[in-house]
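Student: I have a protein model on my screen and I'd like to learn how to read it. Could you walk me through it, one feature at a time?

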Amino acid sequence: MNALAEVAAKAEVLSLVTEYWNEVDTNWGARAHMMFAEDGVFGSGPSAFVGREQIKAFYDWRRGRGDRVARHLINNPMVSIESADRATIKYIMTIYAVDGVPVLPVNAPNSISEVFEVLVRGAEGWKIRSKTFTHLFKGNEPTTTMPAHVRQSLLSEPVREDQS
């Protein structure tokens with residue numbers, strides 16, 4: 001890949017990542033699942049959502065909980081183009097989110113995490129193959145986590161081997 005193509009690919013990857021978090025913050029993730037590859041993975045371990053349908057189910061559930069204001073702030077993005085159709089990005093994400101409608105009180109962020117994503121390029125352009133989080137700091141305000149019993153009833157999924 002020549003230098004100009006690499007710069008263009010890095011810009012496309014960074015654009016997809018920032019568009020994703022903007023979608024989550026301003027549209028509650030209604031179209032976020034479409035930014036993933038068909039078999040994309042959001043999260044890791046037993047709390048991961050696998051495939052567009054499960055990711056959509058998570059954001060549908062989240063919207064059903066009611067009003068919430070959230071902003072996912074991305075800092076220090078490092079994009080690596082591994083090939084013409086595969087890239088990674090690592091960044092620090094700070095989340096501010098509170099249930100309710102603006103103007104809401106704020107103290108510390110809900111969390112500060114390192115995020116690592118693998119992206120693949122196919123016929124639909126760049127898509128997220130996986131998005132994983134390493135939590136570095138946790139504030140007092142909880143982040144949105146689907147309870148296990150809700151997850152099981154909504155997703156009707158068997159336990160994956162890596163969840164046992």
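Student: Before we start, what kind of model is it?

Tutor: This is a predicted model, so local features need pLDDT of at least 70 and side-chain atom pairs count only at pLDDT 80 or more, while totals for chains, interfaces and linings use all residues. Residues are numbered from 1 along each chain as its sequence is written, and side-chain values use heavy atoms, with hydrogens and water left out.

Student: What span should helix α2 have, and how far apart are its end C-alpha atoms?

Tutor: The expected span of a helix is 1.5 Å times one less than its number of residues. Helix α2 covers residues 52–64, which is 13 residues, so it should span 18 Å; its end C-alpha atoms are 18 Å apart, in agreement.

Student: Which residues of α2 are buried?

Tutor: Buried means under 20% relative accessible area, exposed means over 50%, and partly exposed is in between (1.4 Å probe, protein chains only). In α2, the buried residues are R52, Q54, I55, A57, F58, Y59, W61 and R62. Over in α1, the buried ones are A9, V13, L16, V17, Y20, W21, E23, V24 and D25.

Student: What do the buried residues of α1 pack against?

Tutor: For that we need contact, which means heavy atoms within 4.5 Å. The buried residues of α1 pack against β1, α2, β3, β4, β5 and β6.

Student: Which residues of the largest nonpolar core touch the most other members?

Tutor: A nonpolar core is a set of buried Ala, Val, Leu, Ile, Met, Phe, Trp, Tyr and Cys residues joined through side-chain atoms within 4.5 Å. The largest one here has 33 residues, and V13, Y20, F42 and Y59 touch the most other members. Elements giving two or more residues to this core include α1, β1, α2 and α3. The largest share, seven residues, comes from α1.

Student: How far is V17 from W126, in sequence and in space?

Tutor: V17 and W126 are 109 residues apart in sequence and 10 Å apart in space, C-alpha to C-alpha. W126 lies in strand β6 and is buried, with a relative accessible area of 9%. Leaving aside neighbours within four places in sequence, its contacts include A9, E12, V13 and L16. For another pair, take W126 and S44: they are 82 residues apart in sequence and 21 Å apart in space, C-alpha to C-alpha.

Student: Which backbone angles should I look at?

Tutor: W28, in the loop between α1 and β1, has a phi near 55°, a positive value in a residue other than glycine. W28 is partly exposed, with a relative accessible area of 26%. N76, in strand β3, has a positive phi of about 55° although it is not a glycine. N76 is exposed, at 57% relative accessible area. Just after α2, G66 takes a positive phi of about 115°.

Student: Is the peptide bond from P102 to V103 cis or trans?

Tutor: That bond is cis, with omega near 5°. V103 lies in the loop between β4 and β5.

Student: Which residues lie nearest the centre of the second largest pocket?

Tutor: On a 1 Å grid over the protein atoms alone, a pocket is an open set of points where a 1.4 Å probe fits, with protein on both sides within 12 Å along at least five of seven lines; lining residues have an atom within 4 Å of a point. Here 16 residues line the second largest pocket, and A97, V98, P105, V106 and N107 lie nearest its centre. β3 and β4 each supply at least two residues of this lining.

Conventions. Helix = DSSP H or I, 4+ residues; strand = E, 2+ residues; numbered from the N terminus.
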